[in-house]
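Please view the sequence and the structure before reading on.

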Amino acid sequence: RRQGVPEAVLAEGKTPGQVAAIVSALLTEGGETILVTPADAATRAAVRAVAGDVEEDPDARVLWIARDVPAPAGTVCVVSAGTSDGPVVREVAACARLFGTHVTMQEDVGVAGLHRVALALDDLRAADCVVVVAGQDAALASVVGGLVATPVIAVPTSTGYGVAAGGITALLS
C-alpha cells in the first residue's frame, strides 16, 4: 500500500487452500490489486472460489485480481529470445500491466538470427524500458542493451540447451 503496487502472493510451497485464505484476507483488508504466482490449476481454482473477478494466464502460471490499476504511463517492451521463454514473458507482461504501464511484446528474437532483432527495433527503441527474457547464455540482453538508450532489465530463465545449467549460465551472464 505504501508503494502503490499490487500485493504479490507467492503460491509456491503453499497449498491451494492457504493461498485462497491469504487472497481472501487481502481482499477483506482493502480490496487492492493482488497478483498470485506461480499458480497451478488447483491454486487458480481455489482463488476463483473466493474471488469472482479473477483474471489468469494458465501458461504463465499467474493470476490476478485487478483493482484501481493506474492508467498506463510509459511503455515496457518485453522481448524473449525463444519460444520456450514464453511463460516468463507473459508473467512479466501481466505484472507490468498491473503496475500501470503499456506493454508491447516481441517474442522469439534470439541472437542466433540477428535479422529478428532488427525486425523488433521499432518497439525496442520506442519503449521507456525493455525487459529481456532469455535462457541459455542470455546474450540477447547484451545485444539489446547496445541498441537502445533506455534501461534494460535482463530476466534469466532456466530454458535452453547446451550448457544452460538450469538457468545458472543465463544468470551469470
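Strand β5 (residues 75-80) and strand β6 (residues 102-106) run parallel and are joined by 5 bridges. Within this pair, V76 has V103 in β6 as its bridge partner. From β5 the chain crosses through α3 to β6, a right-handed β-α-β crossover (right-handed means that, with the strands pointing away from the viewer, the path from the first strand over the helix to the second runs clockwise). Helices (H or I, at least four residues) and strands (E, at least two) are DSSP runs, numbered from the N terminus. Two strands pair if DSSP finds at least two bridges between them.

The model is predicted: local features need pLDDT of at least 70, side-chain atom pairs count only at pLDDT 80 or more, and totals for chains, interfaces and linings use all residues. Residues are numbered from 1 along each chain as its sequence is written, and side-chain values use heavy atoms, with hydrogens and water left out.

An open sheet of mixed pairing is formed by 4 strands in the order β1-β2-β4-β3. Its edge strands, β1 (7-10) and β3 (55-57), each pair on one side only. From one strand to the next, the twist averages 15°. Strands β3 and β4 (residues 62-65) are antiparallel, with 3 bridges, and E55 stands opposite W64 in β4.

Two helices lie across strands of this sheet, as the table shows.

| Helix | Strands crossed | Angle |

Axes are lines fitted to C-alpha atoms, for helices over the stretch in contact (heavy atoms within 4.5 Å), and angles run from 0 to 180 degrees between N-to-C directions.
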